[in-house]
Amino acid sequence: MVPISSKEVFIQGITLDGKTFRPSDWAERLAGVMSPFRPGGAHPGSHLSYSPWCIPTTMGGTKCVVVNRDLRDHEPMAWDFVMNFAKDNKLQVAEVCLLPDRPTQP
């Protein structure tokens, strides 16, 4: 479904037919379910923060979940779950390479 060349995959809250995906907190819910899947595995309190491999965000006013390919390498079933969520809900998926923020000038 997604080529291996990118480091991150964006699951966008827009369906393939251009409609906004509902409920409006879907990205936070999906990332919350994925919170135990993290480098070093789950630990006490890890459910209180998002996994660095699955982060909800908003891009251009559209809810998205950024899924790092490291999830696929470390937890293939969790990767399949996230990708199947996107497929089952007909969400747009784009492979990306996130660039670091540009340093601010003093």
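pLDDT is the predictor's confidence in each residue, on a scale from 0 to 100. The structure is a predicted model, in which local features need pLDDT of at least 70 and side-chain atom pairs count only at pLDDT 80 or more, while totals for chains, interfaces and linings use all residues. Residues are numbered from 1 along each chain as its sequence is written, and side-chain values use heavy atoms, with hydrogens and water left out.

The protein has a mean pLDDT of 87, and 80% of the residues score at least 70. Confidence is highest in helix α3 (residues 76-88), at a mean of 97, and lowest in strand β4 (residues 91-96), at 90. Helices (H or I, at least four residues) and strands (E, at least two) are DSSP runs numbered from the N terminus. Three helices and four strands are present, in the order β-α-β-β-α-α-β along the sequence.

Of the 106 residues, 34% are buried (under 20% relative accessible area, 1.4 Å probe, protein chains only). Contacts are defined by heavy atoms within 4.5 Å; among those between residues at least 6 apart in sequence, 63% join residues at least 24 apart.

A nonpolar core is a set of buried Ala, Val, Leu, Ile, Met, Phe, Trp, Tyr and Cys residues joined through side-chain atoms within 4.5 Å. The largest such core holds 18 residues, of which Ile11, Trp26, Val65, Val67, Leu71 and Val82 touch the most other members. At least two core residues come from each of β1 (8-15), α1 (26-33), β3 (62-68) and α3, and α3 gives the most, with five. Leaving aside residues up to four places away in sequence, Val67 touches Lys7, Glu8, Val9, Ile11, Trp53, Cys54, Trp79 and Val82.

Technical notes: Buried < 20%, exposed > 50% of the residue type's maximum accessible area, 1.4 Å probe, protein only.
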